[in-house]
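This briefing sets out selected features of the structure shown below.

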Amino acid sequence: MVFFNQDKQLENLGNQILEATWAKFSTLAPNQIALTWVVYDPPAPVNTGGALTPNAFWEHPVRGFSYRGGERIYPASVVKLFYLVAVQEWLEKGMSQTTDELNRALTDMIVDSSNDATSLIVDILSGTTSGPQLTLGPFETWKYQRQIVNRYYQSLGWEEINAINVCQKTWGDGPYGRERAFYGEMFENRNMLTTDATARLLHSIVGGVAVSSGRSQGMMKLLKRGLNADELPQNVEEDQVTGFLGGGLPENSQIWSKPGWTSTVRHDAAYIELPNQRPYLLVVFTEGKEQGKSREILPFVSGKIAEAVSKL
């Protein structure tokens with residue numbers, strides 16, 4: 001069971017949008033895209049600063065549509081969303097302490113998608129560090145510690161979480177030493193997410209129930225992206241809006257998001273508010289070399305979803 005109610009209207013619209021996407025992008029195969037879309041009908045329980053208690057929020061019905069939403073896909077930097085929430089949990093429970101350096105790393109991890117900042121965050125969460133390969137005993141201990149974020153998410157009891165793996169750092173060139181050994185011979189232990197699990201985590205943040213309402217609001221601040229040309233970061237390879245879901249929206253929209261990309265994947269997870277429309281959540285993962293470099297597919301899907309929302 002997913003956290004949203006499967007909805008016939010959204011299913012029809014979602015399938016039409018997928019068909020239009022495949023028609024436009026001939027290199028995109030049906031098994032190279034996964035999508036989860038959740039619509040918040042009034043009274044919307046999200047972006048309220050956590051007006052509902054966690055129990056009331058989770059009982060509030062929302063409708064959605066997903067296509068291959070339970071498929072395990074390498075998430076690239078979308079995994080940083082999961083590390084962001086885990087850090088807030090650790091701080092809330094006193095398992096970590098707030099420092100200027102931790103705050104700097106959190107900001108850089110989400111706002112700029114820095115892999116170096118993420119490396120520090122994973123070290124803080126797990127009490128481990130990268131380095132040369134370890135002998136068997138110490139390596140077993142190190143691996144157990146590195147699984148702590150997975151254990152935290154499993155403890156939430158969300159069915160969508162069963163398929164995920166969130167224990168690896170994000171890399172520019174790739175892992176070395178003990179990090180490479182931790183990936184497994186065939187990289188079988190690399191990070192994996194589904195669009196449904198990602199949507200549920202983002203749903204909890206925008207609902208104000210991820211860790212606490214105050215911490216959820218703090219996370220929302222980090223995830224907010226400007227859509228106007230003068231608000232976008234300059235001189236960067238990817239600004240996390242152009243070529244992603246934000247690239248398909250009218251300029252007077254609002255978006256909170258965490259994209260991810262490599263040479264073989266391009267993803268985005270976003271909560272979106274269009275003027276005078278129902279707010280919604282959209283997670284789209286695409287795989288394949290062509291998709292990794294395409295800056296058209298995600299904006300196209302996003303634009304079509306925005307059009308569909310205006311007709312609901």
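A polar atom of the N191 side chain lies 3.0 Å from the backbone nitrogen of C167; a polar contact is a pair of N or O atoms within 3.5 Å, where, within protein, one must be able to donate a hydrogen and the other to accept it, and residues adjacent in sequence count only if both atoms are side-chain atoms. This is a predicted model, in which local features need pLDDT of at least 70 and side-chain atom pairs count only at pLDDT 80 or more, while totals for chains, interfaces and linings use all residues. Residues are numbered from 1 along each chain as its sequence is written, and side-chain values use heavy atoms, with hydrogens and water left out.

**Surroundings of N191**

- The side chain of N191 also reaches the backbone nitrogen of Q168, at 2.9 Å.
- N191 is placed in the loop between α8 (178–183) and α9; helices (H or I, at least four residues) and strands (E, at least two) are DSSP runs, numbered from the N terminus.
- With a relative accessibility of 2%, N191 counts as buried, a term for under 20% relative accessible area, against over 50% for exposed and partly exposed in between (1.4 Å probe, protein chains only).
- Not counting residues up to four places away in sequence, N191 touches residues including Y74, P75, V79 and Y83; contact means heavy atoms within 4.5 Å.

**Surroundings of T170**

- T170 lies in the loop between α7 (148–155) and α8, and its 6% relative accessibility makes T170 count as buried.
- The side chains of T170 and N115 are joined by a polar contact of 2.8 Å.
- Leaving aside neighbours within four places in sequence, T170 is in contact with A76, V79, K80, N115 and T118.

**The sheet**

- Seven strands form an open sheet with mixed pairing, in the order β1-β3-β2-β7-β6-β5-β4; two strands pair if DSSP finds at least two bridges between them.
- The edge strands, each pairing on one side only, are β1 (5–6) and β4 (224–225).
- Helix α9 (residues 195–206) packs on the sheet and touches β2 (33–39), β3, β6 (265–273) and β7 (280–287).
- Strand β2 pairs in the antiparallel sense with β7 over seven bridges, and W37 stands opposite L282 in β7.
- Strands β2 and β3 are also antiparallel, over five bridges, and the bridge partner of T36 in β3 is S66.
- Both faces of β2 are covered: I33, L35, W37 and V39 are buried on one side, and A34, T36 and V38 on the other.

**Aromatic rings and charges**

- The structure holds 14 aromatic pairs; rings of Phe, Tyr and Trp (its six-membered ring) pair if their centres lie within 6.5 Å, with planes under 30 degrees apart counted as stacked, over 60 as edge-to-face and the rest as tilted.
- The ring centres of W22 and Y67 are 5.6 Å apart and the planes stand at 70°, so this pair is edge-to-face.
- W22 lies in helix α1 (residues 8–24) and Y67 in strand β3 (residues 63–67), so the pair ties together parts 45 residues apart in sequence.
- Both W22 and Y67 are buried.
- One aromatic cluster is formed by F82, W90, Y152 and Y153.
- The charged end of R200 sits over the ring of W58, 4.4 Å from its centre; this requires NZ of Lys or CZ of Arg within 6 Å of the ring centre and within 35 degrees of the ring normal.
- R266 lies over the face of F244, at 4.6 Å from the ring centre.

Terms used: Axes fitted to C-alpha atoms, helices over the stretch in contact; angles between N-to-C directions.
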